[in-house]
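The report that follows is meant to be read with the sequence and the 3D view open side by side.

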Amino acid sequence: MERYDIAVIGTGPAGISAAITAKVRNKNIILLGSRELSSKIEKAHAVNNYPGLPNQGGEELKEAFLKHLDSLDISITEEKVNAVYALGEYFVIQGQNGDYEADSVILATGFSVVKPYPGENENLGRGVSYCATCDAAFYRGKTAAVIAFSQKEESEARFLSEIADKVLYFKMYKDDSEGVESSGGVSIQSMPEENIEIITGVKPLSIKKAENTMELETSGGNYTVDGVFILRDTVAPTQLVPGLKVVDNHVETGRDMSTNIKGLFACGDITGAPYQYVKSAGEGNVAALSAVAYLGQRGK
Ligand SMILES: Cc1cc2nc3c(=O)[nH]c(=O)nc-3n(C[C@H](O)[C@H](O)[C@H](O)COP(=O)(O)OP(=O)(O)OC[C@H]3O[C@@H](n4cnc5c(N)ncnc54)[C@H](O)[C@@H]3O)c2cc1C
């Protein structure tokens with residue numbers, strides 16, 4: 001497997017800036033995220049505090065970022081990362097589509113206020129999963145619940161339904177485009193699989209482990225299933241990187257954006273307020289230079 005110098009996770013302003021600086025410094029990098037970049041870029045009506053780009057709409061900013069990446073031949077590997085494991089000398093990054101190795105990692109996955117469900121953390125890997133592609137095989141002939149927060153998770157549910165006996169699909173979002181294929185996945189109308197039951201208007205409340213099954217408590221009653229897949233856009237940093245030090249839901253960093261894990265740097269909203277494009281981009285630059293210095297100390 002190819003070992004990258006630096007893996008950058010996240011395609012918001014922080015990750016893009018980190019990738020640009022690392023590439024300019026001639027490092028062999030992989031940028032993991034989405035070619036759609038960040039929904040927080042697109043949503044901005046008008047951005048007035050980014051130097052050199054006054055009064056930009058979010059879409060224009062996105063195009064400018066993509067153009068800059070293209071000009072440096074930086075490609076985005078479409079990937080949602082589920083876990084990062086620090087193995088001392090290097091890191092293994094577990095994505096939905098495969099694993100990657102890198103000597104250092106820059107975490108730029110943004111900040112999410114999502115709180116885990118009661119019982120979620122305790123049962124992670126013991127009936128709770130964040131990745132159908134990775135764990136579907138455990139549910140052959142069984143019943144699995146999918147709590148999905150965006151339309152692009154529908155393809156995960158379809159895949160799971162090919163293996164599981166039954167999929168209870170808790171739809172926690174409004175369709176982007178009813179009945180039409182969306183860029184992120186397949187519309188709900190094109191999930192006619194008989195073994196997928198779509199449940200709407202119901203709020204999951206907690207997850208408990210029973211003897212051989214899982215109890216999913218919801219505002220619409222309790223469901224007994226064999227496993228629960230929780231598919232959110234953002235994974236909490238402590239779930240993403242076991243052992244990572246977090247204070248008040250933000251990754252603790254030094255001024256060089258280093259974390260408590262050697263070789264792992266964090267930047268952008270994930271490190272705390274102020275939540276701003278230019279602060280994120282600035283931290284991405286610092287994180288990349290620190291990663292370059294870290295590699296230099298190791299003779300790379
Ligand atoms: C409506 C709105 C308007 C705003 N207007 C302004 C403004 O005018 N000026 C300003 O300075 N700031 C503004 N902001 C704030 C700004 O958007 C954020 O501060 C900035 O986007 C943070 O950048 P980031 O790279 O840290 O994180 P994000 O932009 O959140 O990017 C994180 C990226 O990581 C990806 N990701 C997350 N988890 C994973 C994973 N496990 N694997 C792979 N990828 C993952 C996400 O999909 C996303 O692409 C606005 C925000 C919003 C919502």
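Once its neighbours within four places in sequence are set aside, I106 is in contact with I6, V8, I9, A18, F265, C267, A287, A288 and A291, where contact requires that the C-beta atoms of two residues, placed from the backbone, lie within 7 Å. The model is a predicted one, in which local features need pLDDT of at least 70, side-chain atom pairs count only at pLDDT 80 or more, and totals for chains, interfaces and linings use all residues. Residues are numbered from 1 along each chain as its sequence is written.

I106 belongs to the largest nonpolar core, which holds 48 residues and in which A7, V8 and I106 touch the most other members. Such a core is a set of buried Ala, Val, Leu, Ile, Met, Phe, Trp, Tyr and Cys residues joined through C-beta atoms within 7 Å; a residue is buried if 20 or more other C-beta atoms lie within 10 Å of its own, exposed if 12 or fewer, and partly exposed in between, with C-beta atoms placed from the backbone. Helix α8 (residues 277-297) gives this core its largest share, seven residues. A separate, second core has 25 residues, among them V128, A145, A164 and L168.

## Domains

The chain is divided into domain 1 (3-113 + 235-297) and domain 2 (120-231), with bounds that come from an automatic or database domain assignment. Their C-alpha centres lie 29 Å apart, and five residues of domain 1 are in contact with six residues of domain 2. On the domain 1 side, the touching residues comprise one nonpolar, three polar and one charged, where Ala, Val, Leu, Ile, Met, Phe, Trp, Tyr, Cys and Pro count as nonpolar, Asp, Glu, Lys and Arg as charged, and the others, Gly among them, as polar.

## Strands and their pairing

Helices (H or I, at least four residues) and strands (E, at least two) are DSSP runs numbered from the N terminus, and two strands pair if DSSP finds at least two bridges between them. Strand β1 (residues 3-9) is mostly covered, since five of its seven residues are buried.

| Strand pair | Direction | Bridges |
|---|---|---|
| β1 and β6 (residues 99-107) | parallel | six bridges |
| β1 and β2 | parallel | four bridges |
| β4 (residues 81-86) and β5 (residues 91-95) | antiparallel | five bridges |
| β8 (residues 143-148) and β9 (residues 166-171) | parallel | six bridges |

## The ligand shell

Which residues are closest to the ligand? They are G10, G12, S38, G110 and G268, within a set of 33 residues that surround the ligand, a residue being near if its C-beta atom, placed from the backbone, lies within 6 Å of the molecule. By class the shell has 14 nonpolar, 14 polar and five charged residues, and α1 (13-24), β2 (29-33), α2 (39-42) and α8 each supply at least two of its residues.

T259 lies in the loop between β16 (250-251) and β17 (264-266), and counts as buried because it has 24 C-beta neighbours inside 10 Å. Its contacts, apart from neighbours within four places in sequence, are L244, K245, V251, E252, T253, L264, F265 and A266.

In the loop between β17 and α8 sits P274, and the peptide bond from A273 to P274 is cis, with omega near 0 degrees. D73, in the loop between α3 (58-71) and β3 (76-78), has a positive phi near 60 degrees although it is a residue other than glycine, and D73 is exposed, with 7 other C-beta atoms within 10 Å. N249, which is not a glycine either, has a positive phi of about 70 degrees; N249 is found in the loop between β15 (246-247) and β16 and is partly exposed, with 15 other C-beta atoms within 10 Å.
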